[in-house]
Amino acid sequence: MEKILTSAKITQILCCSFGDSDQSYFFSYKQKAPGGVERAAMIWGKAVPTNLVNWLLNPTTKKLRRNAQQLRVVLGPGQSFVAWDPKSYRWSIPEALQNWLIAHDCQKNSPKAITLGYSGDYFVINKSGSYSYRSSALKHYENARHSWKTIHYITFSASEAKQCVIVFDDTLTVGSPDPQEDYRRILDSYATEPILDHYEVERERQDHLRVVAAEKAARAERRAAERAAREKQAAEEAQKKAEESQRIKERRAAAKARRLAREAREARAKEAKEKREREAREKEQKEKAAAEEAARKAKAQAAAEQVRAEQARRAKEAQARRLKEERAARQREARRPQLYADWAAACEKAKEAPPATLKIFPAPPKEACECKLIGCVQRKKDTGLGACRHDMEALLKASGKYDIKWLRHERLAWHPDRFGRKCDPFKKEVLVKKATEMWEIMEELIEE
Ligand SMILES: [Zn+2]
């Protein structure tokens, strides 16, 4: 161990502990390897506890299985020791200390300083500042100005009672209850200087580590702040986006509601318009129907009026005609006796005419031949006489002598033989035909 310490290759002491004999020591360190690389290593004495060696080495391969960089070993008197790395503990220690370590969850909260002293003495303090000890030596310091919580490093002598070195955070105390003791003397004369040097180096290292840690913390804080700012910004953006999205959604919903309302309004307006148009159409149809009905009625009335007027006109005309006819009839009646007298005179003249001289037939006056019966009209044309039995009856009655006896007498004159003798031979045929007709009319009148 001395050879290593003096080799000048050591760059850092990682852990160093002494037991109660020359060969009871443990030492881990960093040294420069060829090529300038730092390498962690460890050595230990032949008298270290067998349990510790079994924990350090693989029991079968005998190869080192602990990392010197993270390993801590504290040796005590005899076979007592405590050793740990981040994964496990191995110890052989007083029961009180064992209980304390278990109770304070040493796996998570590893000791900041721990030492095993002579005859079951110990001191332990963890990184949270909890501590426990059993040592008569420390009674001397209990009223000192230091608090145990500020202990940075402590070691008891494994072979002698009441010998210790304590490093508080800001000072070094090397003590024993008796300043005259050899151990104290040795420290004063020899050991204190390197310890103090190491302490200075360690303190600088610790300061540096604190600065680095502070810088790291500051960086972490800065990063955290930046991250927080980014997250805040992101959250604000997300919020903004969400609000925007909400606004868009609301706008869309409002637009949709407006559209629906508009459509409903338009539908209502359309419906109302259709209703109005339908009503207007119905009204128009009703009015048209009413107008048509009125027109039809008016037309019917007009037609009826026309018919009535026509009937009235016809009635009037018929009346007028009847009156005219009656007047004419009355006039004819009034004139008929005269007509008869004239005709009777013509007939008498014809009777008295010498035989075979009559050239003109004494025809009944046209004025007295008024019968318009269809058969009579035709007969009058056919015979050439121009008179029918009705005409003759009326004319003869105007004589005032009309009866059967008179008629028989009158008929004699128109016998075709008797009348024929009077006729001019050239006219006889026509004249006899007319006389025959007269004869037949007379006979009809007689037979009635
Ligand atoms: Zn007639």
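This is a dialogue on how to read some features of a predicted model.

Biologist: What should be kept in mind about the numbering and the confidence limits?

Modeller: Residues are numbered from 1 along each chain as its sequence is written. The model is predicted, so local features need pLDDT of at least 70 and side-chain atom pairs count only at pLDDT 80 or more, while totals for chains, interfaces and linings use all residues.

Biologist: How many helices and strands does the protein chain have?

Modeller: Helices (H or I, at least four residues) and strands (E, at least two) are DSSP runs, numbered from the N terminus. In the protein chain there are 9 helices and 12 strands.

Biologist: What share of the residues is buried?

Modeller: A residue is buried if 20 or more other C-beta atoms lie within 10 Å of its own, exposed if 12 or fewer, and partly exposed in between, with C-beta atoms placed from the backbone. Of the 448 residues in the protein chain, 19% are buried.

Biologist: Why does Leu 56 count as buried?

Modeller: Leu 56 counts as buried because it has 20 C-beta neighbours inside 10 Å. Leu 56 belongs to helix H2 (residues 50-56). Leaving aside residues up to four places away in sequence, Leu 56 touches Leu 64 and Arg 66; a contact requires C-beta atoms, placed from the backbone, within 7 Å. The C-alpha atoms of Leu 56 and Arg 66 are separated by 5.8 Å, and the two residues are 10 residues apart along the chain.

Biologist: Which share of the contacts joins residues at least 24 apart?

Modeller: The share is 49%, counted among contacts in the protein chain between residues at least 6 apart in sequence.

Biologist: What is the strand order in the open sheet of 3 strands?

Modeller: Strands of a sheet pair through backbone hydrogen bonds, either parallel or antiparallel. Two strands pair here if DSSP finds at least two bridges between them. The open sheet has the order S1-S2-S3, with antiparallel pairing. Strand S1 (10-18) and strand S3 (38-44) are its edge strands, each pairing on one side only. From one strand to the next the twist averages 10°. Strand S2 (residues 25-32) pairs with S3 over 7 bridges in the antiparallel sense, and Lys 30 stands opposite Ala 40 in S3.

Biologist: Where is there a hairpin?

Modeller: S5 and S6 form one, with 4 residues between them. Strand S5 (residues 81-84) and strand S6 (residues 89-92) run antiparallel and are joined by 4 bridges. Val 82 has Trp 91 in S6 as its bridge partner.

Biologist: At what angle do the axes of helix H7 and helix H9 cross?

Modeller: Axes are lines fitted to C-alpha atoms, for helices over the stretch in contact, and angles run from 0 to 180 degrees between N-to-C directions. The axes of helix H7 (residues 404-412) and helix H9 (residues 428-447) come within 10 Å and cross at roughly 165°. That makes H7 roughly antiparallel to H9, since angles under 35 degrees count as roughly parallel, over 145 as roughly antiparallel, 65 to 115 as roughly perpendicular and the rest as oblique. Residues in the contact include Ile 404 and Leu 407 of H7 and Trp 439 and Met 442 of H9. By class, the contact of H7 with H9 has 6 nonpolar, no polar and 4 charged residues; Ala, Val, Leu, Ile, Met, Phe, Trp, Tyr, Cys and Pro count as nonpolar, Asp, Glu, Lys and Arg as charged, and the others, Gly among them, as polar.

Biologist: How do helix H6 and H9 pack?

Modeller: Helix H6 (residues 389-397) packs against H9 at an angle of about 75°, with the axes 10 Å apart. H6 and H9 are therefore roughly perpendicular to each other. Arg 389, Met 392 and Glu 393 of H6 make the contact with Ile 441, Glu 444 and Leu 445 of H9.

How values were computed. Two residues are in contact if their C-beta atoms, placed from the backbone, lie within 7 Å.
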